Every structure is written in structure tokens, then in C-alpha cells.
Amino acid sequence: MKDMRAQLEKLRTDAAECALIRDLASDPKKRKLFTRLADHLSVLAAEVEHAIAEGMKRSDG
């Protein structure tokens, strides 16, 4: 579970960094790319968060 939480934090950090790069980019293609990356990493983070929650439910039940 500890590894999953560490991965979750890394995904969140990476998504935030991509969003920052997107906001600083002047090239529209780079902005689009980093928007997609930030969105994708956010979805992955949400899935890991869901998996952690499900794992906690199973261990409690």
C-alpha cells in the first residue's frame, strides 16, 4: 500500500509539473501536448487513488 501511495504522489506531482509547463509554453503544439499529459496523469492518479480506496475497503471488511 505504501508503494501505491508513493506512486500516487508522484503522478500528482508529474501532472502538476505538466500543467505548469503547459501554462508557460508559448508554442500551441507544446501547450496541447502538455495539456494531454497533465490530463492523462491526473486520470492515472485518480485510478490509483480508487485502487487504494478499494484495497482499504477489502482489508477492513
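Met1, Met4 and Met56 come together as a nonpolar surface patch, with about 260 Å² of accessible area between them. A patch here is built from residues with over 30% relative accessible area and no salt bridge, nonpolar side chains (Val, Leu, Ile, Met, Phe, Trp, Tyr) being joined within 5 Å and like charges within 9 Å. The areas themselves follow the Shrake-Rupley method with a 1.4 Å probe, and for residues only the protein chains shown count as cover. Please keep in mind that this is a predicted model, in which local features need pLDDT of at least 70 and side-chain atom pairs count only at pLDDT 80 or more, while totals for chains, interfaces and linings use all residues. Residues are numbered from 1 along each chain as its sequence is written, and side-chain values use heavy atoms, with hydrogens and water left out.

Let us stay with Met56 for a moment. This residue lies in helix H2, where helices are DSSP runs (H or I, at least four residues) numbered from the N terminus. Met56 has a relative accessible area of 39%, which makes it partly exposed, the class between buried (under 20%) and exposed (over 50%), using a 1.4 Å probe and protein chains only. Met56 and Met1 are 55 residues apart in sequence, yet their C-alpha atoms are 8.9 Å apart in space. Leaving out residues up to four places away in sequence, Met56 touches Met1 and Arg5, a contact being heavy atoms within 4.5 Å.

What makes up the largest nonpolar core? It has 11 residues: Leu8, Leu11, Ala15, Cys18, Ala19, Phe34, Ala38, Leu41, Ala45, Val48 and Ile52. Such a core is a set of buried Ala, Val, Leu, Ile, Met, Phe, Trp, Tyr and Cys residues joined through side-chain atoms within 4.5 Å. Helix H1 (2-24) and helix H2 (28-60) each supply at least two of its residues, with the largest share, 6 residues, coming from H2.

On the H1 side, the buried residues are Leu8, Leu11, Ala15, Cys18 and Ala19, and they pack against H2. The 23 residues of H1 should span 33 Å at 1.5 Å a residue, and the end C-alpha atoms are 33 Å apart, which agrees. The expected span is 1.5 Å times one less than the number of residues.

Now for the charged side chains. How many salt bridges are there? The count comes to 5, each being a side-chain nitrogen of Lys or Arg within 4 Å of a carboxyl oxygen of Asp or Glu. One of them pairs Arg12 with Glu9, the closest N and O atoms being 3.0 Å apart. Arg12 and Glu9 are separated by about one helical turn because they are 3 residues apart in helix H1. Arg12 is partly exposed at 35%, and Glu9 is partly exposed at 42%.

Lys10 and Asp14 form another salt bridge, with their closest N and O atoms 3.0 Å apart. They sit 4 residues apart in helix H1, so about one helical turn separates them. An α-helix has 3.6 residues a turn, so residues three or four places apart point the same way. Finally, Asp23 bridges to Arg22 with closest N and O atoms 2.9 Å apart. Elsewhere, salt bridges that share partners join Glu9, Arg12 and Glu49 into one network.
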